[in-house]
Amino acid sequence: VPIVNHQLEYSVYGDLSQSIDPHRSQNPFENALGAHLRYFLSDTLQIGASFSNFVLNDLPPARDSLAGFDVAWSYRKFELSSEIVYRTSGHANIQSAWQGFAQSVIPVSQYWFIVGRYESFEQPQNKTGQVGVLGLAYRPLPPVVWKLEYRLGTHNEILAPDGLAASFAILF
């Protein structure tokens with residue numbers, strides 16, 4: 001949608017079924033609704049906001065909400081991106097929590113990129129987890145990426161443990 005000589009992109013989603021992914025998720029959703037807005041300030045800079053509301057099956061019925069803000073900047077093949085998310089819960093025993101990341105992608109050659117990422121996330125017992133990631137990505141074609149990365153952090157054993165990881169993705 002054009003707004004003030006720039007583009008606004010929107011996505012709305014929902015699932016009112018009993019579970020989005022009952023076979024793979026440890027906390028399947030009973031239902032979820034949400035939206036994401038992205039505003040293109042220029043060809044290289046965009047900002048976004050998102051919101052979702054959902055119920056988790058493993059807990060007594062109560063709705064949780066997630067609100068976020070994101071920004072992405074790119075110049076040629078350089079990229080900087082970041083997102084901050086705040087989660088609230090309708091459950092008395094689950095605390096609200098902040099999470100966020102900042103990431104940079106630096107081209108080394110036509111197909112190779114260095115990826116650096118920092119993540120911070122609140123967890124139970126008021127321990128803030130932190131993770132630093134350094135990776136090397138190979139992108140022979142625009143939708144294909146092979147990545148090798150090393151993760152190191154504090155209080156990150158459950159969500160993002162230390163170690164070496166490799167992945168292959170086809171982005172579409």
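Two strands are said to pair if DSSP finds at least two bridges between them. With that in mind, I turn to the structure above, which is a predicted model.

Let me begin with the strands. β8 and strand β9, residues 128-141, pair in the antiparallel sense over 11 bridges. Within this pairing, Y118 has G132 in β9 as its bridge partner. A hairpin of 4 residues joins β7 to β8. Here V105 stands opposite V115 in β8.

Which residues make up the largest nonpolar core? There are 5 residues in all: V105, F113, V115, A137 and V145. In general, nonpolar side chains in soluble globular proteins tend to be buried together. Of the core members, I would draw attention to V145. Leaving aside residues up to four places away in sequence, V145 touches A137, Y138 and R139, and also S167, F168, A169 and L171.

Is P161 buried, exposed or partly exposed? P161 counts as partly exposed because its relative accessibility is 37%, and the partly exposed class lies between under 20% for buried and over 50% for exposed. Beyond residues up to four places away in sequence, P161 touches R151 and N156. P161 and R151 are 10 residues apart along the chain, and their C-alpha atoms are separated by 7.2 Å.

Terms used:
Residues are numbered from 1 along each chain as its sequence is written. This is a predicted model: local features need pLDDT of at least 70, side-chain atom pairs count only at pLDDT 80 or more; totals for chains, interfaces and linings use all residues. Side-chain values use heavy atoms; hydrogens and water are left out. Buried means under 20% relative accessible area, exposed over 50%, partly exposed in between (1.4 Å probe, protein chains only). Contact means heavy atoms within 4.5 Å. A nonpolar core is a set of buried Ala, Val, Leu, Ile, Met, Phe, Trp, Tyr and Cys residues joined through side-chain atoms within 4.5 Å. Helices (H or I, at least four residues) and strands (E, at least two) are DSSP runs, numbered from the N terminus.
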